[in-house]
Amino acid sequence: MPYGITVKSCGATASDIMKLWDEACIFEPVGSMRELNYPPHLTLAVFPAYPEEADAVMTEVFSTQDSLLITFETVTYFDNDLMVLWAKPRFDKALLDLHATLHNHFDPVICDEHYRVGRWVPHCSLATKVPQSAKSAAIEWAKSKKVNFCVNFDFVDFVEFPPVVVHKELRLR
């Protein structure tokens, strides 16, 4: 199973993302994000194998990290075999800097290539298992969504998935 480092939102501001989960799930056989049973989050790193240095790196990088207030500006998609609908955050230098700082502590080859510095697309998943049969309707829905809200990401986790198992959790300041 893969492992990841995520920032998650456990407060009231997460509700705007969860409302979008409930809208987006109509395009899936089963609502993937509710089924995941894990709060709205941004994944900063994914590792195919357990990185031994993860615990120490998390403590070093996140022990003095403030929570992140991220503004979301649109809904879009990754066109994979199973399409992914996601909320796109507005450009946020603090988020990109945090991502780069985290990755400075890992050899890039141990991280999934899509999460490496320069390749990472910050996103908050809304539906991860949209079949091709629902693709057109899902794209139209995404294009029609106008969003402008802020989410406070107040925790960082080191997780194993799926299902999500939290191995380490730190509250951000």
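Student: In what order do the elements of the protein chain run from the N terminus on?

Tutor: In this predicted model, the order is β-α-α-β-α-β-β-α-β-α-β-β-β. That comes to five helices and eight strands.

Student: How does the radius of gyration compare with the globule rule for 173 residues?

Tutor: The radius of gyration is 16 Å, close to the 16 Å from the globule rule, so the protein chain is as compact as a globular protein of that length. Along the principal axes, the C-alpha trace spans about 45 × 30 × 30 Å.

Student: And what percentage of the residues count as buried?

Tutor: 47% of the 173 residues. The accessible surface of the chain comes to about 8,700 Å², and carbon and sulfur atoms account for 53% of that surface.

Student: Take the contacts between residues at least 6 apart in sequence. What share joins residues at least 24 apart?

Tutor: 78% of those contacts.

Student: Switching to helix α1. Which of its residues are buried?

Tutor: Ile-17, Leu-20, Trp-21 and Ala-24 are buried in α1, which covers residues 15-24. They take up an arc of only 110° around the axis, which means they are on the same side of α1.

Student: What covers the buried residues of α1?

Tutor: The cover includes the helices α2 (32-36) and α5 (135-144). It also includes the strands β3 (68-78), β4 (83-89), β5 and β6 (146-153).

Student: On β5, then. Is Ala-127 buried or exposed?

Tutor: Ala-127 is buried, with a relative accessible area of 0%. Its place is in strand β5, residues 124-130.

Student: What does Ala-127 touch, leaving out residues up to four places away in sequence?

Tutor: Ala-127 touches Ala-24, Glu-28, Ser-32, Met-33, Met-83, Val-84 and Leu-85. Of these, Ala-24 is one of the buried residues of α1.

Student: How far is Ala-127 from Gly-11?

Tutor: Their C-alpha atoms are separated by 21 Å, and the two residues are 116 apart along the chain.

Student: Next, Leu-82. Where is it?

Tutor: Leu-82 is in the loop between β3 and β4. It is partly exposed, at 42% relative accessible area.

Student: Which residues beyond four places in sequence does Leu-82 contact?

Tutor: Thr-128, Lys-129, Val-130 and Pro-131. Thr-128 is 46 residues from Leu-82 in sequence, with 6.9 Å between their C-alpha atoms.

Student: Last topic, charges. How many positive and negative side chains are there?

Tutor: There are 16 positive and 23 negative side chains, and the centres of the two sets lie 7 Å apart.

Definitions and conventions. Residues numbered from 1 in each chain as written. Predicted model: local features only at pLDDT ≥ 70, side-chain atom pairs only at ≥ 80, totals over all residues. Heavy atoms only, no water. Helix = DSSP H or I, 4+ residues; strand = E, 2+ residues; numbered from the N terminus. Rg over C-alpha atoms; globule rule 2.2 N^0.38 Å. Buried < 20%, exposed > 50% of the residue type's maximum accessible area, 1.4 Å probe, protein only. Contact = heavy atoms within 4.5 Å. Areas by Shrake-Rupley, 256 points an atom, 1.4 Å probe, with all protein chains shown as cover. Lys, Arg positive; Asp, Glu negative; His and termini not counted. Charge placed at Lys NZ, Arg CZ, Asp CG, Glu CD. Arc of directions from axis to C-beta.
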